[in-house]
Amino acid sequence: MLEKYFTWLAEVLLIIVVGVGLVFITLHSLYYSYGMMIFGEHSAAATEMFWESEKLWSSIYTVAVIVIDVSTQIVRSFKRSKK
C-alpha cells in the first residue's frame with residue numbers, strides 16, 4: 001500500500017519537474033532571443049532564434065527526462081524479478 005503511494009507521488013513529481021523545466025527553458029529562450037533586440041537585433045531574427053533554441057533545448061530536456069524515467073522503470077523491474 002505504501003509503495004503504491006510513493007510510486008504515485010514520484011510520477012506526480014516527474015510531471016511537475018517536466019513542466020517546470022519546460023517553463024524555465026522557455027523563459028531562458030525568450031530572454032536570450034528577444035533580449036538581443038536591445039542591441040539592434042530585428043524582431044524576425046529574434047523570433048527565428050527563439051524557436052530554434054526552444055525546439056533544441058526542449059527536445060533535449062524531454063528526451064533526457066524520458067530516458068531517466070525508462071531507466072528507472074527497468075531498474076525497478078529487475079529488482080522485482082530478483083525477489
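I began at Ser-33 and found a polar atom of its side chain 3.2 Å from the backbone nitrogen of Phe-50. I note that the model is a predicted one.

I then looked up where Ser-33 sits, and the place is helix α1, which covers residues 2-34. Ser-33 has 2% relative accessibility, so I count it as buried, the cut-off being under 20%.

I listed what Ser-33 touches, leaving out residues up to four places away in sequence. The list holds Ala-46, Met-49, Phe-50 and Ser-53.

I moved on to the whole protein chain. I counted two helices and zero strands. The radius of gyration is 19 Å, while the globule rule gives 12 Å for 83 residues, so I record the chain as more spread out than a compact globule. I took the box filled by the C-alpha atoms along the principal axes and got roughly 65 × 20 × 15 Å.

I looked up burial for the chain: 12% of the 83 residues are buried. Ser-33 is one of the buried residues.

I turned to contacts with a separation of 6 or more, and 61% of them join residues 24 or more positions apart.

I noted the accessible surface at about 6,800 Å², with 74% of it belonging to carbon and sulfur atoms.

My last entry is on charge. I found 7 positive and 7 negative side chains in the protein chain. The centres of these two sets lie 23 Å apart.

Note on methods: Residues are numbered from 1 along each chain as its sequence is written. This is a predicted model: local features need pLDDT of at least 70, side-chain atom pairs count only at pLDDT 80 or more; totals for chains, interfaces and linings use all residues. Side-chain values use heavy atoms; hydrogens and water are left out. Helices (H or I, at least four residues) and strands (E, at least two) are DSSP runs, numbered from the N terminus. Buried means under 20% relative accessible area, exposed over 50%, partly exposed in between (1.4 Å probe, protein chains only). A polar contact is a pair of N or O atoms within 3.5 Å; within protein, one must be able to donate a hydrogen and the other to accept it, and residues adjacent in sequence count only if both atoms are side-chain atoms. Contact means heavy atoms within 4.5 Å. The radius of gyration is taken over C-alpha atoms; the globule rule is 2.2 Å times the number of residues to the power 0.38. Accessible areas come from the Shrake-Rupley method with a 1.4 Å probe; for residues, only the protein chains shown count as cover. Lys and Arg count as positive and Asp and Glu as negative; His and the chain ends are not counted. The place of a charge is taken as NZ of Lys, CZ of Arg, CG of Asp or CD of Glu.
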